[in-house]
Every structure is written in C-alpha cells, then in structure tokens.
Amino acid sequence: AFVSSLRLPDAQHGAKLGVAATSPAPTIKDGEQATFIAGGSVVSFASGVSGQNQKDVLNSTLLAQLACDKIYDREKQINEWYKFYHSILENVGWVIQGFDFSEYKADGDKFEADKAILEILGAVVSQNELLIIKSAIEAAKSLPTTDGRMTLFDRFSSTGGAGSFQIGLATEEKGMVAMKLGAFLFSTKTNVTRVLWFKFSKKDSSLS
C-alpha cells in the first residue's frame with residue numbers, strides 16, 4: 001500500500017535527463033561482485049549477494065530517488081529530499097542505523113571528488129569494502145564520456161554547480177543483506193562535469 005501511494009515522475013522525467021526509456025536492463029549474475037548505476041547512486045555488491053537481493057537493493061534505492069524527485073528538488077530542497085528518501089527506505093524494509101551529514105575538510109586548496117569520497121567512506125567501511133568501492137569508481141572512470149551509465153548518473157546527481165549522490169556497498173550473510181551507504185552533497189561556483197572526478201576549489205566549494 002505504501003509503494004502504491006508513492007507518486008513517481010512521468011515519462012518526461014527521463015526525457016528531460018536525456019535517458020532513453022528503452023535502455024536495456026543491467027545483467028545481474030547471482031553471487032558475483034558487481035557495480036551498477038541506479039539513478040544518482042553507484043551501488044556495489046560484494047561477492048555472495050544473490051541475484052534477487054541485488055535486484056531488490058537496486059529497485060528500492062531507485063524507487064526512493066524517483067519518489068523524492070517527484071516532490072522535491074534534489075539540489076534546492078536537500079533536507080526535505082533526504083528526509084523523504086530515508087522514510088521511503090525504511091518503509092520498504094531497510095533498517096537504518098544512522099543518517100547524518102558532516103562537512104568535508106580538504107587539506108589543500110583543491111580536492112578531487114573521488115579521493116574525497118574514499119577518504120570519507122574509509123571511516124565507515126572495512127579496508128576490503130573500501131577496495132571494492134575504489135575498484136568500482138576506477139572502473140567507472142575508465143568508461144568513455146559517451147557511456148550511457150555515467151551520463152545517467154551525472155544527470156541525476158548534478159545540475160550546474162550543485163548536486164547530491166549516493167555511493168553504496170551491499171553485502172549478504174546468511175540471507176541477510178546489509179548496505180553501507182554514503183550520501184554526498186556538494187555545491188561550487190563552477191559548472192560541474194563528470195561528478196565523481198571533478199576537481200573542486202576548496203575556497204569556492206563545499207562537500208558533505
């Protein structure tokens with residue numbers, strides 16, 4: 001009943017983002033380590049996560065994003081967007097232990113998004129989990145700029161000089177799935193391209 005009550009964007013939402021409605025579904029292999037783009041989220045799976053659970057994770061995170069996008073502006077109504085995002089995930093079965101933001105403090109005058117992300121996530125994931133996330137980011141970095149997956153992520157996660165996105169890692173043990181999810185917000189005076197590898201000026205930018 002809760003899922004049925006959610007309002008979702010119409011077909012024009014994808015068209016505005018330049019996302020083809022006929023894009024093929026990702027190939028999910030049972031139990032294999034993998035990474036997928038789900039809207040403005042990069043979701044990695046450690047080995048051992050069943051194919052059905054991978055689908056459920058991707059569907060729930062994408063559902064939450066789409067429902068939030070229908071009601072709130074991802075860049076201008078950040079607090080409201082994430083409060084609703086949190087609520088949706090809880091209502092579809094996730095047990096959320098904590099969800100807080102803190103500002104990233106860069107050491108130098110500039111910082112690169114991917115390195116900052118790994119530094120932030122390093123405080124909440126194990127070394128092995130961090131290596132999986134790092135591998136996923138590096139694999140995405142090697143994709144051509146015309147690759148539809150990264151085009152989808154960039155257009156979902158940023159508009160001009162502001163945006164928000166999520167980086168997650170899911171694991172499974174005895175049939176139970178757990179996901180560590182990092183939610184990131186940024187703003188800058190520069191027009192952002194290729195969000196994950198953009199070089200931000202510390203003076204003119206913020207990342208949380």
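Ala116 lies in helix α5, one of the DSSP runs that count as helices (H or I, at least four residues) or strands (E, at least two), numbered from the N terminus. The structure is a predicted model, in which local features need pLDDT of at least 70 and side-chain atom pairs count only at pLDDT 80 or more, while totals for chains, interfaces and linings use all residues. Residues are numbered from 1 along each chain as its sequence is written, and side-chain values use heavy atoms, with hydrogens and water left out.

At 1% relative accessibility, Ala116 counts as buried, where buried means under 20% relative accessible area, exposed over 50%, and partly exposed in between (1.4 Å probe, protein chains only). Leaving aside neighbours within four places in sequence, Ala116 is in contact with Tyr104, Phe111 and Leu207, a contact being heavy atoms within 4.5 Å. Helix α5 covers residues 113–121, and its buried residues are Ala113, Asp114, Ala116, Ile117, Leu118 and Leu121. An α-helix has 3.6 residues a turn, so residues three or four places apart point the same way.

Met150 is placed in helix α7, which runs over residues 148–157, and it counts as buried at 1% relative accessibility. Beyond four places in sequence, the contacts of Met150 are Ile37, Ala140, Leu143, Arg194, Leu196 and Trp197. Val43, found in strand β2 (residues 41–45), is buried with a relative accessible area of 1%. Not counting residues up to four places away in sequence, Val43 touches Ala34, Thr35, Phe36, Val57, Leu58, Thr61, Gly168 and Met179.

| Pair | Apart in sequence | C-alpha to C-alpha |
|---|---|---|
| Ala116 and Thr159 | 43 residues | 20 Å |
| Met150 and Asp10 | 140 residues | 22 Å |
| Val43 and Ile133 | 90 residues | 8.7 Å |

Lys174, placed in the loop between β5 and β6, is exposed, with a relative accessible area of 82%. The phi of Lys174 is near 55°, a positive value in a residue other than glycine. Most residues other than glycine have a negative phi.

Along its principal axes the C-alpha trace spans about 45 × 40 × 35 Å. Among contacts with a separation of 6 or more, residues 24 or more positions apart account for 60%.

The protein exposes about 11500 Å², of which carbon and sulfur atoms supply 50%, with areas from the Shrake-Rupley method and a 1.4 Å probe. The mean positions of its 22 positive and 23 negative charges are 5 Å apart.

As for confidence, the mean pLDDT (the predictor's confidence in each residue, from 0 to 100) is 86, and 93% of the residues reach 70 or more. Over residues 15–22, however, the pLDDT is below 50, and this stretch has 5 contacts in the model beyond near neighbours in sequence.

Definitions and conventions: Lys and Arg count as positive and Asp and Glu as negative; His and the chain ends are not counted. The place of a charge is taken as NZ of Lys, CZ of Arg, CG of Asp or CD of Glu.
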